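Me: Before turning to details, I would like to have the sequence and the model side by side.

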Amino acid sequence: MNQDLAAFRAIVCEHLPNADSGILAHFRDHGSHGLSNTQIVDACILLFADGVENVASAIGTVMLTLTEHPEIRAALIEGKMKLGAVIEEALRRDAPGQIISRIVRRDTELAGLAVPAETAVFLLLGSANHDETVFADPERFDCQRDLEPMLTFGGGRHSCIGAQLARSQISAAVNALLGADIEIVTRPGQVRYVPRFGHRWPQFLEARIAPNRRRQPS
Ligand code: HEM
């Protein structure tokens, strides 16, 4: 991954002076709003990493949830349930990005623990989404629950700028897969996850056309 990041960084740096449209050209022509080239390049990398792989994993996670809950899949197909609520709850239980990191700015106390300034901390979004003091019976799939405090897309001033785009991409993909009668055969207990720190990305999901819903040849 480090090699890929270095190669990607080199490509973006190479294109920065020559970009003729888009975000790179904007930064070059209108100043970088106090961002260093490294920060600009890192933001571009984040767009690719989050904008592509998190979304793909989220689509898999939602489809997997529908395998686990065929009654919800059926309700969606019959139009009796809102896909948006299903996506939110599926991504609360299995957030594609499990961790964010911060540097503590000033001496802080957190849950009785002293955290000195300049300490690097990892904040566990996946764990917070399963906090039983916030979400009753957190392992249970319940798309009626209040998801206001869920942290799948982070929180505060650096929360995900792509969240709405991600939601509409996931929704379009799941709708298309349901419309094409595609279902995931891999059972939730069989899923292997990409061994990458801080992520929960299904590595591989086997899919097939649902046997009892195959369209008759016309
Ligand atoms: C299911 C898909 C996605 C998930 C789970 C996700 C998750 C997150 C999380 C947790 C953060 C907060 C990071 C932090 O506080 O350190 C974040 C930030 C960000 N996301 Fe996403 N993201 C997704 C899709 C996208 C998409 C589609 C885009 C853009 C095309 C995107 C662009 C960004 C950017 C640029 C930030 C940084 C915002 C900032 O620092 O101010 N993300 N994302």
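**The ligand and its shell**

Me: Where in the chain does C160 lie?
Reply: This is a predicted model, in which local features need pLDDT of at least 70 and side-chain atom pairs pLDDT 80 or more, while totals for chains, interfaces and linings use all residues. Residues are numbered from 1 along each chain as its sequence is written, and side-chain values use heavy atoms, without hydrogens and water. With helices (H or I, at least four residues) and strands (E, at least two) taken as DSSP runs numbered from the N terminus, C160 lies in the loop between α6 (125–128) and α7.

Me: How far from an oxygen atom of the ligand is the side chain of H158?
Reply: H158 is listed with L46, D50, R102 and C160 as coming nearest among the 22 residues around the ligand, a residue being near if one of its heavy atoms lies within 4 Å. A polar side-chain atom of R102 is 2.7 Å from a ligand oxygen. For an N or O atom in the side chain of H158, the distance to a ligand oxygen is 2.8 Å.

Me: Which element gives the most residues to the shell around the ligand?
Reply: At least two shell residues each come from α3, β1 (99–103) and α7 (163–179). The greatest contribution, seven residues, comes from α3.

Conventions
A polar contact is a pair of N or O atoms within 3.5 Å; within protein, one must be able to donate a hydrogen and the other to accept it, and residues adjacent in sequence count only if both atoms are side-chain atoms.
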